[in-house]
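Please keep the coordinates open while reading.

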Amino acid sequence: MTELAAVKAALKTQAVETPSWAYGNSGTRFKVFAQAGVPRDPFEKLDDAAKVHEFTGVAPTVALHIPWDKVEDYAALAGHAEKRGVRIGAINSNTFQDDDYKLGSICHPDAAVRRKAVDHLLECVDIMDATGSRDLKLWFADGTNYPGQDDIRSRQDRLAEGLAEVYERLGEGQRMLLEYKLFEPAFYTTDVPDWGTAYAHCLKLGEKAQVVVDTGHHAPGTNIEFIVATLLREGKLGGFDFNSRFYADDDLMVGAADPFQLFRIMHEVVRGGGFTSDVAFMLDQCHNIEAKIPAIIRSVMNVQEATAKALLVDGPALAEAQAAGDVLEANAVLMDAYNTDVRPLLREVREESGLDPEPMKAYRSCGWAEKVVAERVGGEQAGWGA
């Protein structure tokens, strides 16, 4: 197999999971902006997600968020997804939108609140069983706003205890993916603020516990590719939440703010074997002012482009330059790959896969946007908290 053929073959195996919440209404902290044709329930979200997969060919799974995507019959929801040509992906928990969680969830000083939070996480594992989902994704808003508000060490003990109970409930082939976030909404301490804290808890829990890297959850200037390389080296990178940030957790389209960073991350993924492992490539985005489905298609394409460039890095030439201490040549090898226009290559890959070479144009001309605007009248649109 030629080098180019190998790159094409790798790209054809790529899978990017889309998030159900990205198809609903969202906005800033001050205003949620409604759009016509937005899904009104999880079934319609899956319908939209199926269109993304139809035109990209690499978005076969959809992450759910509980209780935003709560239904009476999860087996029926999974069956609906299968009929549409997609599957249920990660189950995302929510322990941050209830009044009881004002002082935290599984780290809360009140044992009754901790019990409520853990029971919700166990419910999410039940949903995994019903939908055939592999991954339970956990993000906690837990933390404190003022020095002395609570005992930092005790909160870590509570976190470890809660995670351990949920971990023991996981079935064969299921994983726990622990996400971290530098800040927000807690101002003084955050209970899972960085990859080191997440890694420490996952290491203690066992092989089913992995770390999730959300690309928007870091301080400015953080070398995310170093984190990715380290977690891959330790076998603890479970997945990504891909998005872009300019200032904080902006949840913009991946690659929108810094496409070179996305390339650097994907280079480490390819270098560390993550592209052919169980690393989950998920989007976690809120499309506040742009049309939902086209924005998600664009995000998927951005991941594809960064991946294609990473696969084109001349590994032997890079290793030779690094071994020789040739700083400029080593950098040039990376830059040559990054500066390659991979769009013609991806068009070929799509055509060879029986897809339209231009997903954005194909979607715009398919009539789906006009169809859902006409049909999705009445009811309550899905959005933050629903």
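Arg-134 counts as partly exposed, at 32% relative accessibility, in what is a predicted model. Its salt-bridge partner is Asp-135, with the closest N and O atoms 3.2 Å apart, and Asp-135 is buried, its relative accessible area being 5%.

**Salt bridges**

- The count of salt bridges comes to 31, and one of them joins the side chains of Lys-8 and Glu-352 at 2.8 Å, N to O.
- That pair links distant parts of the chain, since Lys-8 belongs to helix H1 (residues 3–12) and Glu-352 to helix H12 (residues 343–352), 344 residues apart.
- Lys-8 counts as buried because its relative accessibility is 12%, whereas Glu-352, at 46%, counts as partly exposed.
- A network of salt bridges links Lys-8, Lys-12, Glu-348 and Glu-352.
- Asp-129 and Arg-169 also meet through their side chains in a salt bridge, at 2.6 Å, N to O; Asp-129 lies in helix H4 (residues 111–131) and Arg-169 in helix H5 (residues 152–169), so the pair ties together parts 40 residues apart in sequence.

**Surface charge**

- Glu-320, Asp-326, Glu-329 and Asp-336 form a negative surface patch.
- Within that group, Glu-320 is found in helix H10 (residues 315–324) and is exposed, with a relative accessible area of 61%.

**Sheet**

- Eight strands form an open sheet with parallel pairing, in the order S1-S4-S5-S6-S8-S10-S11-S12, and its edge strands, S1 (18–19) and S12 (280–283), each pair on one side only.
- Strand S4 (residues 61–65) pairs with strand S5 (residues 87–92) in the parallel sense over four bridges, and Ile-88 in S5 is the bridge partner of Val-62.

Methods
Residues numbered from 1 in each chain as written. Predicted model: local features only at pLDDT ≥ 70, side-chain atom pairs only at ≥ 80, totals over all residues. Heavy atoms only, no water. Patch = residues over 30% accessible without salt bridge, like charges linked within 9 Å, V, L, I, M, F, W, Y side chains within 5 Å. Areas by Shrake-Rupley, 256 points an atom, 1.4 Å probe, with all protein chains shown as cover. Salt bridge = Lys/Arg side-chain N within 4 Å of Asp/Glu carboxyl O. Lys, Arg positive; Asp, Glu negative; His and termini not counted. Charge placed at Lys NZ, Arg CZ, Asp CG, Glu CD. Helix = DSSP H or I, 4+ residues; strand = E, 2+ residues; numbered from the N terminus. Buried < 20%, exposed > 50% of the residue type's maximum accessible area, 1.4 Å probe, protein only. Pairing = 2+ DSSP bridges.
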